[in-house]
Amino acid sequence: MKLSLYTFADEAFVPGIAALINSARRHGFSGRIVVGSPEPLSISNRPLEGVEFHALGPNGYWPGNRKAELLLKHPSDICVFLDADIIINSASFFARLEEWAEMAPVVAVTNLISSIDYRRFNWAKRLGRPARPQHWPDRYYHAGLLACNFARDHLLLEQWDSLIRSTLAAPGALWTDTDFPLSDQDVLNALLQDWDEIGR
């Protein structure tokens, strides 16, 4: 399997990290697993086959805002980021995800937000981009699942990471920014609404 699995969390989410890893292995995932955190985790000194722990150090941002940073600092050819509160329950999930990621970036759609919703105009304004409601999608993406081909999609990751740092005041935790209440996820959607490759 060429696909590598990533997650990022702090010590409070260690049970979730363990559940994610266990569920992935139980359903046949044999690839590299990369666990990022701001500080070393209590489980990082226990050798786990195929699991790498990377403490990126504190940077002032809430852990949810550091997903792209982890992928950029420890890349893999084909990678999937999953939030540490996700449980895998299908043996075919990773094989299908790997196949899809070879074709295009994979992001989960959680709901719909109209292309003329006020949030989209606020996102564009904050990012310094023109209002283009006729171009904007009606899909709202979840930042807890992102699969990509690093060589093809690294620019998407770089821009997401850069926009988090330039748009959100640290720590940028959930519900602290009026325009980006879901912080990393809203910034990702602000980026993707003007990303020309999406929808092709």
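This is a predicted model: local features need pLDDT of at least 70, side-chain atom pairs count only at pLDDT 80 or more; totals for chains, interfaces and linings use all residues.
Local features need pLDDT of at least 70 and side-chain atom pairs count only at pLDDT 80 or more, while totals for chains, interfaces and linings use all residues. Residues are numbered from 1 along each chain as its sequence is written, and side-chain values use heavy atoms, with hydrogens and water left out.

**Exercise 1.** Work out the strand order of the sheet and find its edge strands.

*Solution.* Strands are DSSP runs of E, at least two residues, and helices are runs of H or I, at least four, numbered from the N terminus. Two strands pair if DSSP finds at least two bridges between them. The six strands give an open, mixed sheet ordered 3-2-1-4-6-5. The edges are strand 3 (51-55) and strand 5 (106-112), each pairing on one side only.

**Exercise 2.** Look inside the sheet: how do strand 4 and strand 6 run, and which residue of strand 6 is the bridge partner of Leu82?

*Solution.* Strand 4 (residues 78-82) and strand 6 (residues 139-149) run antiparallel, joined by five bridges. Leu82 has Leu145 as its bridge partner.

**Exercise 3.** Check the length of helix 5 (residues 150-167), then see what caps its N-terminal end.

*Solution.* The expected span is 1.5 Å times one less than the number of residues. With 18 residues, helix 5 should span 26 Å; the end C-alpha atoms sit 24 Å apart, which agrees. Now the cap: a side-chain oxygen of Asn149 lies 3.1 Å from the backbone nitrogen of Ala151. Finally, the buried residues (under 20% relative accessible area, 1.4 Å probe, protein chains only) of helix 5 include Phe150, Leu157 and Trp160.

Conventions
Buried means under 20% relative accessible area, exposed over 50%, partly exposed in between (1.4 Å probe, protein chains only). A polar contact is a pair of N or O atoms within 3.5 Å; within protein, one must be able to donate a hydrogen and the other to accept it, and residues adjacent in sequence count only if both atoms are side-chain atoms.
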